Amino acid sequence: MPNGPSNRSLASVYVPQTVEKEIYQLWEQGGYFQPRPDLSKRPFSIVMPPPNVTGSLHLGHAWDNTLQDIVIRYKRMVGFDVVWVPGTDHAGIATQTRVEKTLQEQESLSRNDLGREVFVKRVWEWKQKFGSLITDQIRALGSSCDWSRQRFTMDDGLSTAVREVFVRLYEKGMIYRGKRIINWCPRCATALSDIEVEHQDISARLYYVRYLTGVDDQAVIVATTRPETMFADVAVAVHPADERYVSLVGQTLHLPLTNSVIPIITDTYVDPEFGTGCVKITPAHDPNDFEVGQRHHLDMPQCIDADGKLNALAGPYAGLTREQARVQVVADLKAGGYLEREEDMVHAVGHCSRCNTVVEPFLSTQWFVRMEELARPALAGVEAQNLNFVPERFQKVFIHWLENVRDWCISRQLWWGHRIPAWYCDDCGQINVSREELTTCEFCHSANIHQDEDVLDTWFSSALWPFSTLGWPQQSEDFLRYFPTSALMTGYDILFFWVARMVFMGLEFTEHMPFQDVVLHGLIRAEDGKKMSKSLGNGVDPLDVIERYGADALRFTLATGTTPGNDQRFHWEKVEGSRNFINKLWNASRFVLLNLSADGVMAPLDKSRLQAVDRWILHRLNDTIESVSNFLDGYDFGEAGRRLYNFAWDDFCDWYIEFAKLSLYGQDAEMKLQTQAVLHTVLDGLLRLLHPFIPFVTEEIWRSLPQREQALIVTQWPQTQAQWVSVEAEKEVGLVQEVVRAGRNIRSELGISPGREITMEIQTEQSDTESILIRSRLYIQRFCHVADLVIHTQGDIPRLALSAVVSGAQLYVPLAGLVDVGTELERLGKDVVRLQGEVQRAEKKLNNSKFVEKAPSDVVTSERNKLVDYQEKLQRVRQRMDWFQSQ
């Protein structure tokens, strides 16, 4: 872009809908998202957490991508060799479920009607048709990722990495096929990862069942919410230190409604304080019972099949669903005298995130990864501070999980995904695991082999994302240059499901942590603090926000609402506030551009000719550059955004531009040139600072700025300038601001119309303060609309004048001719009556226990804040009445 004047001018109103697509095309066509090979620069790399390929952008994605883009744009401007790798996840169960639903609705077909090969082909067609939807939405947000490096978890390169990892782990004995408890969805007929299980609080019954010893009607009372699983009970456990049951340990119990006899055992897993201190042990239908069963070498019979129905072990209840069986079993327990009592309770029950079916803890033969050996180096690395968590508190949470990790079930009963590279020989029975497709058994060379029907858990391929996307297992240029990556930004809700597994795999296969920093944010919640969900109807589509207010407004809202590791609530009012901020910046920029020289040539800044207000705004810009840079280096996006907001809105727009008008419209030509140079310098720096947060509007303004050399996205981050430091100017302008605020407050309290001039007197005993005030008298007169301003070091206190204290001085506004004392007392009296009524109303509401207990917490807090505000206003009005009455 050339130096000199710009041929563009800013429209009177900023309309993001007409600007954002054009700007994004400018960035893409300019190749600005792609790194420019320069080995002299330090690399900085991020891999985008891959959204589901058939999904759509939600506020969590928008928040995540906004924070990543802020860092990427900042590092690019600072001078790093930046790469941000985008991509999408095949999302096994989510995508397969969606395609199956479409098939059923549109063609009345199931996947079984098509067969595996044809169905998988249809899913690929679906991916090709709809897979670009979410990437187009990410573009709409302004994400400056390198689309030439876009990856997909099932593309050829990543599929090769997946097989390589599976085979290596299998060869080391760290992947095995075995029978363990897993999350099972009877409707989807597949194992589920923990993150695919949503826990919902539901009302239930706790049943206290009598298990008879056979001696004098003696019984042990066992509490359970699932009496339908009792047919698979193999023991009742008590704590070894529980003296109540010492005499019963080793004896047997008769299992109600059956002919079975089971032992009483001891295990420290049992909490003697919970229920009766007796726990029925059902290893095939409860993960904790499974662990007990393994420790005690107990049998593990199953009474519920994969379809969620009871089987032959349940005798007459076979064929009933879990819910039907529970009703019938409870009725029969009552009739047989086995039911001691029932209690209402609320507890969390896992549901399938796709179909909302209650998840069944199910003993099943699956493929597993041994996690203890993988967790050991990860634990050592984290404890050695080789991984930086932001905020730091999540390090302890992460370590606790590593210390208690369980083997990971990686097989899924799906067709869409990475098919497990294992072949079973029908002749010799051996399992063949291979990187390549097999046609014969590697052990007996028989051609009678068949591949495992299952696919790998989606998180298996996602765990390789930081290095597989960069070309591993090949030692590619990207892998050698950009791995380990620099930072990962994601939600704390997938700290264990994804972040931990990337750490395991990175250390195992590259001997490096996959990233240096883990920056965690929370969840986006509705205004009332509730989780956003389709069922509650409180979700917000970020594309709707972009359509109404523009991407920058959404980005700035999400960024300034960020506190590390915490949730944030979405408020439309905050988006409107961000839109107003952008409009303020636009209007200020128009003012600056309209008041620069017509030829676009700026006079050089001459410090000797700068006024105090000029030196002050440059000092404030210097401070802002330093603080924002520090905040961004520490990933404190909220503080960085708020610091920029305060500088742009308050310092620059509300104060300096108003100061500048006196020089711009004055008669001193040299002073005008210096003011123009300062305006241009500050706007230039402000646009650079704001660009990572609101890239579209800043780039659009930048295109109209004179003396620009290239697109804003690739300009240099502003640097602090030692010559701009001016503590004296900050003190001087700070005093002027105090005086102006005090004068405006007095005008406001008295209800003086904006157009009416007042008289002001300022007394000070400090000569330097007097000098400052004299130099600044034009600003004070202009901003407070003062006709007669008297500044002196001594004098009588004016009679009937409102006063205010400022640093080193006393300010007086004589009321003669401005206010009629009687009329003012009457007005204030009415205010007292009104405010007393508001205080009484608020106190009555807050003294109502039903309101405090039942109203939403934010409503109660708002009412308390109103009460405090009314009380403070009432106190001020009474003080003002007392003052008038004393005159």
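Strand β7 (residues 197–212) and strand β13 (residues 339–352) pair in the antiparallel sense over 13 bridges, where helices (H or I, at least four residues) and strands (E, at least two) are DSSP runs numbered from the N terminus, and two strands count as paired if DSSP finds at least two bridges between them. This is a predicted model, in which local features need pLDDT of at least 70 and side-chain atom pairs count only at pLDDT 80 or more, while totals for chains, interfaces and linings use all residues. Residues are numbered from 1 along each chain as its sequence is written, and side-chain values use heavy atoms, with hydrogens and water left out.

**Strands and sheets**

**Domains and nonpolar cores**

- The protein chain is divided into domain 1 (190–361), domain 2 (580–725) and domain 3 (755–885), with bounds that come from an automatic or database domain assignment.
- The C-alpha centres of domain 1 and domain 3 lie 70 Å apart.
- A nonpolar core is a set of buried Ala, Val, Leu, Ile, Met, Phe, Trp, Tyr and Cys residues joined through side-chain atoms within 4.5 Å, and buried means under 20% relative accessible area, with exposed over 50% and partly exposed in between (1.4 Å probe, protein chains only).
- Of the 147 residues in the largest nonpolar core, F652, Y656, F659 and M760 touch the most other members, and helix α20 (residues 637–664) gives the most to this core, with 13 residues.
- Domain 2 and domain 3 both give residues to this core, so it lies between them.
- A second, separate core of 62 residues includes A161, V382, I399 and L488.

- T135 has its place in helix α6 (residues 132–141) and is buried, with a relative accessible area of 5%.
- Leaving aside its neighbours within four places in sequence, T135 is in contact (heavy atoms within 4.5 Å) with T88, W147 and Q150.
- G142 lies in the loop between α6 and β4 (151–152) and counts as buried, at 0% relative accessibility.
- Not counting residues up to four places away in sequence, G142 touches Y24, W27, D69, R73, R555 and F696.
- The C-alpha atoms of G142 and I694 are separated by 8.9 Å, although these residues are 552 residues apart along the chain.

**Helix α28**

- At 1.5 Å a residue, the 30 residues of helix α28 (residues 857–886) should span 44 Å, and its end C-alpha atoms are 44 Å apart, which agrees; the expected span is 1.5 Å times one less than the number of residues.
- The buried residues of α28 are V860, E863, L867, Y870, L874, V877, M881 and F884, and what covers them includes α23 (727–750), α26 (821–846) and α27 (849–854).
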